[in-house]
Amino acid sequence: MSNGTLHACDGAAPQVTASSKLDEAAAGLGAEIVRFSRLIAAWKQRVKTDGGAADRVLLARLVVGGDRRATDLAADAFLDLSTVSRQVRSLVERGLVARRPDPEDRRGALLTATDAGRAAFENYRRQRDAELAGLLASWSPQDRADLIRLMGRLNEDMAERQHTRLGPGGDQGASVEQGETRT
C-alpha cells in the first residue's frame with residue numbers, strides 16, 4: 001500500500017444480509033468504517049489545503065454555527081482544546097478567523113470566520129461536493145437517498161452516544177476528528 005492505493009482485500013466487510021445476527025452486522029459495519037476512514041485519509045492527502053482537515057472542521061463550525069469561544073468550538077468539533085488553540089492561532093494568522101471580546105465575559109474572546117474564512121470554507125465544500133458527485137453519479141437516486149438517510153442516522157446515534165458518555169461540557173480526553181457539520 002505504499003502508493004496509497006486501497007484494495008478490496010484491505011479490510012472488506014464480511015457479507016452481511018438482513019438475516020445476519022447483530023454481532024455480524026456490527027463486525028461488517030466496523031470493517032467498512034475502518035476502510036472508509038482509510039479512504040478518507042487517502043483522499044485528504046490528495047486534496048491539498050493550507051491547513052488541512054482541522055481547518056475545514058473549525059471553519060465549518062464557525063461558518064455554520066456562528067461565533068463561539070475556543071472551549072465551545074473544541075467541544076462542538078470533538079477536538080482537544082490544545083489542538084483547537086493551535087489551529088485557531090494559525091487560522092487567525094492567515095486571516096481566516098478573527099478574535100473579538102466576548103460581550104458576556106470581557107476576559108474571554110469569541111472567534112468568528114472572516115470573509116476569507118467563509119470563502120475558504122465554501123471552496124472546501126465545493127471540492128468535497130464535486131468529488132462526491134463524481135462518486136455518486138452512477139448510483140440510483142434511491143440509493144443516494146438511502147445512503148444519506150442512513151449515514152445521517154448513524155451520525156446522529158454516534159453523536160448522541162458521544163454526548164451521553166461525555167455529558168454536557170464533558171472533557172473530550174483523546175480527540176476525535178469529526179467531519180463538517182451538515183449544511
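In which sense do strand S1 and strand S2 pair, and over how many bridges? Strand S1, residues 97-102, and strand S2, residues 105-113, pair in the antiparallel sense, and six bridges connect them. Please keep in mind throughout that the model before you is predicted.

Let me stay with this pair of strands for a moment. A hairpin of two residues leads from S1 to S2.

I turn now to the overall plan. The protein contains six helices and two strands. Along the sequence their order is α-α-α-α-β-β-α-α. Of its 183 residues, 25% are buried. Among the contacts with a separation of 6 or more, 56% are made by residues 24 or more positions apart. The protein exposes about 12100 Å², and carbon and sulfur atoms supply 54% of that area.

Let us next follow the chain out of strand S2. Thr 114 lies in the loop between S2 and helix H5, which covers residues 115-136. The side chain of Thr 114 reaches the backbone oxygen of Gly 95 at a distance of 2.5 Å. Leaving aside residues up to four places away in sequence, Thr 114 touches Gly 95, Leu 96, Val 97 and Ala 98.

The next topic is charge. How many salt bridges does the protein have? The count comes to nine. One of them joins the side chains of Arg 100 and Asp 67, with a nitrogen-to-oxygen distance of 2.6 Å. This pair links distant parts of the chain, since Arg 100 belongs to strand S1 while Asp 67 sits in the loop between helix H2 (53-65) and helix H3 (70-77), 33 residues apart. Are these two residues buried or partly exposed? Arg 100 is partly exposed, because its relative accessible area is 34%, and Asp 67 counts as partly exposed, also at 34%.

A further salt bridge is formed by the side chains of Asp 105 and Arg 107, at 3.0 Å from N to O. Arg 107 is exposed, because its relative accessible area of 78% lies over the 50% cut-off.

Arg 128 counts as partly exposed at 25% relative accessibility, and Asp 129 counts as partly exposed at 37%. Elsewhere, salt bridges with shared partners bring Arg 69, Asp 102, Asp 105 and Arg 107 together in one network.

Which residues make the nonpolar surface patch? Phe 36, Ile 40, Trp 139, Leu 147, Ile 148 and Met 151 make it, and its area is about 540 Å². Helix H1 (22-46) and helix H6 (141-166) each supply at least two residues of this patch. The largest share, three residues, comes from H6. Ile 148 is a residue of helix H6. Why is Ile 148 classed as exposed? Ile 148 is exposed because its relative accessible area is 59%, and the class begins over 50%.

To close, I would return to two points on the structure. The antiparallel pair of S1 and S2 is one place to begin, and the salt bridge from Arg 100 to Asp 67 is another. Thank you for your attention.

Notes. Residues are numbered from 1 along each chain as its sequence is written. This is a predicted model: local features need pLDDT of at least 70, side-chain atom pairs count only at pLDDT 80 or more; totals for chains, interfaces and linings use all residues. Side-chain values use heavy atoms; hydrogens and water are left out. Two strands pair if DSSP finds at least two bridges between them. Helices (H or I, at least four residues) and strands (E, at least two) are DSSP runs, numbered from the N terminus. Patches are made of residues with over 30% relative accessible area and no salt bridge: like charges are joined within 9 Å, nonpolar side chains (Val, Leu, Ile, Met, Phe, Trp, Tyr) within 5 Å. Accessible areas come from the Shrake-Rupley method with a 1.4 Å probe; for residues, only the protein chains shown count as cover. A salt bridge is a side-chain nitrogen of Lys or Arg within 4 Å of a carboxyl oxygen of Asp or Glu. Buried means under 20% relative accessible area, exposed over 50%, partly exposed in between (1.4 Å probe, protein chains only). A polar contact is a pair of N or O atoms within 3.5 Å; within protein, one must be able to donate a hydrogen and the other to accept it, and residues adjacent in sequence count only if both atoms are side-chain atoms. Contact means heavy atoms within 4.5 Å.
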